[in-house]
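Thanks, everyone. Today I want to talk about pockets. Please bring up the model.

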Amino acid sequence: MKKYFQFSESISGTTYFLRCLFSIVLSIPFIVILIAFMGVFAVEYAEIDFENPESFDQQAFNEKIESNPEEFLQAMKETFTPFWIISLIISLIPAIWFQIASYYKRLSALFVESRDKIFTGLIAFEILADYYVFEYGWGNESLIGSIFAISTLIIFIYMIFKESGIEEHEG
């Protein structure tokens, strides 16, 4: 099990793709905690009565949010306690670590000599791309965001389909 999270050896494109899918599975605890947070927040903010859940009025809840969005955001901020922050971060650590280790292992197969420099450059590029896509959007909203999103997709496809020249991977 330890070898899956280590930054050593190399993997094939197929293994890299499967590891990317498995990192989604490792994200399930994060999704569960996020849904739990949203549920707790909705129950507190909407003042849902568990003894009579039919009394919940979705239209009134929507109007409450629309009439005062600042109050809604303030209530969400107050609900977002250190417990939730720590829980979300801890639940994401295995998925992020596994994905970065997979990224490094695949780069080790493709670029044996300069893998560390390329890994650092690609991680910096991915962080920058994520920033621009989240900040400015992509598609019709932003040309630069679209360029970064497409570039990230091209890198991903390249890493899956490029032959590494290594006959047997050990990672």
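The second largest pocket holds about 210 Å³ of space. This is a predicted model: local features need pLDDT of at least 70, side-chain atom pairs count only at pLDDT 80 or more, and totals for chains, interfaces and linings use all residues. Residues are numbered from 1 along each chain as its sequence is written, and side-chain values use heavy atoms, with hydrogens and water left out.

Terms, quickly. On a 1 Å grid over the protein atoms alone, a pocket is an open set of points where a 1.4 Å probe fits, with protein on both sides within 12 Å along at least five of seven lines. Lining residues have an atom within 4 Å of a point. Points are joined across faces, edges and corners, and a volume is the space filled by probe spheres set on them.

Who lines the second largest pocket? F17, C20, L21, S23, I24, S27, A95, I96, Q99 and F156. α2 (13-26) gives the most, with 5 residues. Helices here are DSSP runs (H or I, at least four residues), numbered from the N terminus. By class, this lining has 7 nonpolar, 3 polar and no charged residues. Nonpolar means Ala, Val, Leu, Ile, Met, Phe, Trp, Tyr, Cys and Pro; charged means Asp, Glu, Lys and Arg; the others, Gly among them, are polar.

Now the largest pocket. Its volume is about 540 Å³. It has 13 lining residues, with Q99, Y103, E126, D130 and T152 nearest its centre. α6 (82-110), α7 (115-136) and α8 (143-161) each give two or more residues to that lining. The largest share, 5 residues, comes from α7. The class count is 9 nonpolar, 2 polar and 2 charged.
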